[in-house]
Amino acid sequence: MNILLLTGGLILILIGANALTDGASAIAKRFNISSLVIGLTIVAFGTSAPELAVSLISALKGNSDIAIGNVVGSNIFNTFMIVGCTAVIVPITISKSTLYKEIPLCILMSIVLFICANDILINGEAINSISKSDGYILLAFFLIFMAYTFTLAKNGTTENEPQIKKMDVWHSLLYVVVGLAALIYGGNIFVDGASAIARNLGISEAVIGITLVAGGTSLPELATSVVAALKKNPDMAIGNVIDSNLFNILLVLGVSASITPINIQGITNLDFGMVIFSSVLLFIFGYLFKKQVIGRTEGTIMIFLNIAYMVYLIYKGQKSIRYPANRLDILYL
């Protein structure tokens with residue numbers, strides 16, 4: 001039954017995100033908003049809607065480890081598995097702007113997340129949490145990132161603007177309402193199913209969040225990147241991954257924490273460190289090897305690292321229940 005809840009919830013989330021994006025894009029287009037602006041806002045938001053729905057509902061229900069684990073796991077999965085799978089299909093050429101601006105920005109925001117989540121280590125507090133003030137800071141960074149993105153887009157090409165479905169107003173509104181309902185209801189049953197599976201297997205919600213939940217909510221990005229690679233446009237994978245990772249940290253956690261503080265229990269500094277390491281490794285592979293190309297060898301290494309880390313988390317699942325999150329000794333696990 002819990003597997004059905006998890007699967008059904010994920011399907012509803014993905015359908016809801018797609019419907020909401022199509023409906024909102026059609027409405028925006030009727031108000032003569034450019035395809036470029038729609039692509040940078042509504043469509044970009046749509047790919048992060050599954051993570052936002054799951055993390056926000058998890059936080060509101062008190063399943064904080066699923067909320068934070070979803071973001072941490074999604075970013076690791078995006079960088080290792082999505083870039084890795086794409087590079088195995090077709091080697092990825094990284095532009096100078098992506099290599100020297102976007103990827104370092106992703107590293108910086110991953111470090112910001114590490115700092116926000118380490119109240120015990122940095123401030124000597126009793127528990128680690130992403131507080132409301134942390135959420136406001138993340139949202140402020142998100143607005144800065146969006147301003148930078150708009151400036152970059154206006155000065156660059158617009159040939160990759162999204163194709164927007166044409167609908168009348170009532171169909172557009174129906175898509176938005178149905179999409180929101182599917183996101184909310186699907187998110188609820190998805191979180192309930194994930195929590196129940198964690199309890200039944202004796203594995204912490206943190207591990208379930210980083211592995212199963214994160215992989216499920218990252219399916220849209222994986223599908224988009226693999227299709228782009230098959231169509232000989234693999235460079236889209238890097239853009240999808242960087243944007244998704246930044247949206248996850250800044251928007252998903254920013255919105256969730258602004259509404260309700262997220263207490264961190266089972267997510268360790270090893271997990272936050274892997275988020276930083278995955279982005280650093282992406283930069284290293286792009287900088288050192290094959291003149292800004294991530295090839296099949298690097299892609300295979302990234303896939304192996306993701307699988308190895310998931311296996312480690314599941315194997316150590318019982319430990320993640322016993323250790324409080326982010327104690328100093330966790331730094332040496």
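The lining of the second largest pocket has 10 nonpolar, no polar and no charged residues (Ala, Val, Leu, Ile, Met, Phe, Trp, Tyr, Cys and Pro count as nonpolar, Asp, Glu, Lys and Arg as charged, and the others, Gly among them, as polar). The model is predicted, so local features need pLDDT of at least 70 and side-chain atom pairs count only at pLDDT 80 or more, while totals for chains, interfaces and linings use all residues. Residues are numbered from 1 along each chain as its sequence is written, and side-chain values use heavy atoms, leaving out hydrogens and water.

**The second largest pocket**

- This pocket holds about 200 Å³ of space.
- Its lining includes Leu20, Phe45, Leu180 and Ile184.
- A lining residue has an atom within 4 Å of a point on a 1 Å grid over the protein atoms alone, and a pocket is an open set of points with protein on both sides within 12 Å along at least five of seven lines.
- Helices α2 (35–60) and α7 (169–201) each give two or more residues to the lining, and α2 gives the most, with 6 residues.

**Helices α3 and α9**

- Helix α3 (residues 64–89) packs with helix α9 (residues 219–230) at an angle of about 20°, with axes 9 Å apart; helices here are DSSP runs (H or I, at least four residues).
- The two are therefore roughly parallel (angles under 35 degrees).
- Among the residues that meet are Phe77 and Ile82 in α3 and Leu222 and Val226 in α9, where contact means heavy atoms within 4.5 Å.
- By class, this contact has 7 nonpolar, 3 polar and 1 charged residues.

Notes:
Axes are lines fitted to C-alpha atoms, for helices over the stretch in contact, and angles run from 0 to 180 degrees between N-to-C directions. Angles under 35 degrees count as roughly parallel, over 145 as roughly antiparallel, 65 to 115 as roughly perpendicular and the rest as oblique. On a 1 Å grid over the protein atoms alone, a cavity is a set of points where a 1.4 Å probe fits but cannot get out, and a pocket is an open set with protein on both sides within 12 Å along at least five of seven lines; lining residues have an atom within 4 Å of a point. Grid points are joined across faces, edges and corners, and a volume is the space filled by probe spheres set on the points.
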